Amino acid sequence: MPRNSNNSTKRKMDLGEDVSSLFGKRSKTSSNSTVNRSRTKGTEEAPTVFNQKKCNAWFRQYSTPSSPDTIGPEGVEMFCRDLNVEPENIALLVLSWKMGAKQMGYFTLQEWLLGLTDLQCDSLAKLQAKLNYLHSLLLDSSHFKSIYRYAFDFSRDKDQRSLDIETAKAMLGLLLGRQWSLLNSFFQFLDQSRYRVLNKDQWCNVLEFSRAVDVDLKNYDVDGAWPVMLDEFVEWLKVNRGESNIQ
Amino acid sequence: MRIRAFPMTMDERYVENIWSLLKNAIQEIQKKNNSGLSFEELYRNAYTMVLHKHGERLYNGLREVVTHHLESKVRQDVLASLNNNFLQILNQAWNDHQTSMVMIRDILMYMDRVYVQQNNVDNVYNLGLIIFRDQVVRYGGIRDHLRHILLEMVVRERKGEVADKLSVRAACQMLMVLGIDSRAVYEEDFERPFLSQSAEFYRSESQRFLGENSASVYIKKVEARINEESERAKHYLDESTEQRIVAVVEEELIQKHMKTIVEMENSGVVHMLKCQKTDDLHCMYKLLGRVADGLRTMASCVSAHLREEGKALVNVDESGANALNFVQSLLDLKDRYDTFLGKSFVNDPIFKKMISSDFEYFLNLNLKSPEYLSLFIDDKLKKGVKGMTEQDIELVLDKTMVLFRFLQEKDIFERYYKQHLAKRLLLNKSVSDDSEKNMISKLKTECGCQFTSKLEGMFKDMSISNMLMEDFKNHIQTSGTSLYGVDLSVRVLTTGFWPTQSSATCTLPLAPRNAFEVFRRFYLAKHSGRQLTLQPALGSADLSAIFYGPRREESETKEKADGPSSSTPTSASANGPRKHIISVSTYQMCILMLFNTRDRLTYEDIMNETDVPKKDLDRALQSLAMGKPTQRVLVKSPKGKDILPSSIFAVNDSFTSKLHRVKIQTVAAKGESEPERKETRSKVDEDRKHEIEAAIVRIMKARKTMQHNLLVSEVTEQLKSRFLPSPVIIKKRIEGLIEREYLARTPEDRKVYTYVA
């Protein structure tokens, strides 16, 4: 930086002020760091090597003093806003999967570091750049399966073994909404059934079902060891379509 | 005489001479003039010809002569006789021919041996046969007429007219012989047309027979015809035809109409079954056994009828249902069909299997069958079975076991059996321990130890309780403890062996309550760490009662005026107070003791003070107040069938009985009530869930991995002696076990499970 007198410093200060006003509300630490953080915004960034300390510090932006090693639901919300991503966006699920996050709405420091190290992101900008990559993981069939299965444990209530049906439907919508044409029928079936929860086996088999069974149900194998719930779904669907005589 | 040297060569003339000689001889033989001939000379001449290589000439010459004779003489004769003794003439011609051919053969034997062999031609006799066949028997007009005559004879015979059987036989034998090592001539010229004509004949016979509209008559007629044809073939046609003609008859008379016969109205199988016609059934069985699927047709008709009969017995309507009749009627049905099986169907396995599967089918249509079966056995094991000796009972129980084997829900039976056994033991109703144990060993043979171990536990408890009471009595005597005036008898039951009761307690009257406390202390001193719970539903009591009112017969009018009053003796009565001993249930004891301090109580009062569960309270009060007059210890007002909370009860002071000791019968148990039954069923369903899961875990632990369908069928196999789980239920249990992480699906194939250690 040319050691010009007032101009350059002034410019620097101006820049700092502009940016700091943006960050002023969010940052929870001293103003010193504000200046440092100004570098994390936007694409004016020159790619730097992943820095764990930086990542750590980034974490602290969202955790609270009372639980410094955990980001809670509010922090996650803020994080999403920063990232410019809705919390329902599936990219977040993929990110959580990368982190191995145990509970939806919470990130522990360990999880944070694990995931972001793998992604080599220590800043919002870097992470934003990776969003496409995260989406692309869903296109790989075995990654998708892994993410799908992870979603069950991630979204269930930790003191329950099963996933309540409303959350299940939300997650299914997120994951299978675009690729399984029978999803809505399945939801209708669930609504009129007595099922209030989905267990892990049922959850996993829904994916298998969506992949293996055709829309016309012609290749549905009654002896295929499908969970009873899916047998019932097929029966219900057939009746609904007027294909079955059994009431 | 010049002795000629043996001619080494023969000139034509010489040969011609020899042949003429022989030809002449043959012709003489054919004319039956053989007596003047010299066998030796002829033989030698023939020998000579053949030796000098003139066998062919001889052979051809023979053929010519025979042909000529048969053509111009024999055939003409036969043709002439077409309408006049044809068969006899033909037979005669045939016999003559055979005779002459034998002689001719003898003469020409050297030719047979040498020339014929070397040149591979027909031998003399066969040559004769062939020529006879072609020139006579199969000559146009003769052939047709022969066939016609033979068939006509058969027709006549079948009508019952007389026919020349011997001629027919001879003709058939001739045809057989003419086949020369095959029966082709007989077959073509006679048998085939015979069989086809017979088929037609029997086709119309069948219509005639059917017209009689009686299955048994039809069967007898068919049998008769079969015998007739059989005899005819054996004796007058050729034996080999027997099988074929019988097959034709079977086809036309049986095979084509078996369904009609079996299902004939008012005379078919159903009629025979209904009217116990074991012999007719047996005849039909024998008949239909002759054709393929005949027995199966009959069996399915029997089966359909049996199922109908069974269904009718089993679908008794709720209110009319009586367990004893239900089972007895099924036993009777089984007896009837066992008789059929033995006498009519000679224990044929097809029929045996079918009867068993039918019984299994309809027995399980009624979901209460297991309960009824248990009640039936209960009745036979109780004291007071009328009109049956021990052997009779043993026999009936064995037969009942046969029905038991057909039950699909044996676990439900087990549950009821336990309940009924418990009642018998506790209320002292068993005829004898031996007969009980006998029954249990029968069940053990059928179902294994698991079934019966608990039952045996119940017996042990009984004998231990007896010993316990001995000790207790001694204890009381030696320690001089008061039992509050109660002669107490306690039976201690191990939970787990005995059917679980709802642990409803009621408020016992003071004296028995205190007496029991004495026992409780005594018992717990011996067995600390155990817990004792009173089971009021199973207990009984003998109460000493005094009735102060006038006897029943006199008190009609008085009762209305005074109102029931148990405390004041009526001086008007000449009889004085009557003492009785009343045998009642524990609940009834609780109720009755209340009246020691009160004259009148409402239903509500009684309920509040005794705390007896409603259902039992109603039953108890019904027996006490609304039974037969000799049982009515209490009176209810207002009178009527219903027990309302406001109904008022009081002691029936006019109670009278000839017996000193009066046993209050509880309202007859018609088996369980609907809500009780629902409860039992839900308990059974719970148990079944556990049994299925246990089976799944057991199998998976041993096999480590298993494919879904295999697992389901293994489980079904293991449990089939108790009940029949449906594949859907088994699947649900598998899912439950997956959730609880006993099992998992293998990652490679979701249809294969592994055991999670």
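A salt bridge here is a side-chain nitrogen of Lys or Arg within 4 Å of a carboxyl oxygen of Asp or Glu. B:Lys614 and B:Asp618 form one, with their closest N and O atoms 2.8 Å apart. This is a predicted model, in which local features need pLDDT of at least 70 and side-chain atom pairs count only at pLDDT 80 or more, while totals for chains, interfaces and linings use all residues. Residues are numbered from 1 along each chain as its sequence is written, chains are lettered from A and ligands numbered from 1 in the order in which they are written, and side-chain values use heavy atoms, with hydrogens and water left out.

B:Lys614 and B:Asp618 are separated by about one helical turn because they stand four residues apart in helix α27 (residues 614-625) of chain B. Helices (H or I, at least four residues) and strands (E, at least two) are DSSP runs, numbered from the N terminus. B:Lys614 has 49% relative accessibility and counts as partly exposed; buried means under 20% relative accessible area, exposed over 50%, and partly exposed in between (1.4 Å probe, protein chains only).

B:Lys689 forms a salt bridge with B:Glu686, the closest N and O atoms being 3.6 Å apart. Both residues lie in helix α28 (residues 674-703) of chain B, three residues apart, about one turn of the helix. B:Lys689 is partly exposed at 35% relative accessibility, and B:Glu686 is partly exposed at 38%. Salt bridges with shared partners also link nine residues into one network: B:Glu157, B:Arg158, B:Lys165, B:Glu205, B:Arg208, B:Arg225, B:Glu228, B:Glu229 and B:Arg232.Another salt bridge joins the side chains of B:Arg296 and B:Asp293 (3.5 Å, N to O). B:Arg296 is exposed at 54% relative accessibility, whereas B:Asp293 is partly exposed at 46%. Over all chains, the whole structure holds 75 salt bridges.

The domain assignment, which comes from an automatic or database source, divides chain B into domain 1 (12-136), domain 2 (143-254), domain 3 (462-538), domain 4 (540-549 + 577-663) and domain 5 (678-755). The C-alpha centres of domain 1 and domain 2 of chain B lie 36 Å apart. Where these two domains of chain B meet, 13 residues of domain 1 are in contact with 15 residues of domain 2, contact meaning heavy atoms within 4.5 Å. Domain 1 and domain 2 of chain B bury about 1,200 Å² between them, 78% of it on carbon and sulfur atoms. Buried area is the accessible area (1.4 Å probe) that two parts lose on being put together, summed over both. Between domain 1 and domain 2 of chain B there are zero salt bridges and one residue pair in polar contact (both at pLDDT 80 or more). A polar contact is a pair of N or O atoms within 3.5 Å; within protein, one must be able to donate a hydrogen and the other to accept it, and residues adjacent in sequence count only if both atoms are side-chain atoms. On the side of domain 1 of chain B that touches domain 2, α4(B) gives the most, with six residues.

A nonpolar core is a set of buried Ala, Val, Leu, Ile, Met, Phe, Trp, Tyr and Cys residues joined through side-chain atoms within 4.5 Å. The largest such core has 80 residues, and B:Val269, B:Met284, B:Met298, B:Phe345, B:Phe351, B:Phe404 and B:Phe413 touch the most other members. Helix α16 (residues 323-344) of chain B gives the most to this core, with nine residues. Domain 2 (143-254) and domain 3 (462-538) of chain B both give residues to the core, so it lies between them. Not counting residues up to four places away in sequence, B:Met284 touches several residues, including B:Ala215, B:Ile219, B:Val269 and B:Met298. A second, separate core of 71 residues includes A:Ala151, A:Leu175, A:Phe187 and A:Tyr195.

The last region is the interface of the two chains. Here 14 residues of chain B are in contact with 17 residues of chain A. The area buried between chain B and chain A is about 1,300 Å², with 42% from carbon and sulfur atoms. In chain B, B:Lys731, B:Glu739 and B:Arg750 lose the most area to chain A, together 42% of what that side buries. Three salt bridges cross the interface of chain B and chain A; in one salt bridge the side chains of B:Lys732 and A:Glu232 meet (4.0 Å, N to O). There are also 11 residue pairs in polar contact between chain B and chain A (both at pLDDT 80 or more). Among the elements of chain B, α30(B) gives the most to the side that touches chain A, with six residues.

On the side of chain A, A:Asp223 is found in the loop between α11 (200-212) and α12 (228-240). A:Asp223 is partly exposed at 45% relative accessibility. Leaving aside neighbours within four places in sequence, A:Asp223 is in contact with B:His708, B:Asn709 and B:Lys751.
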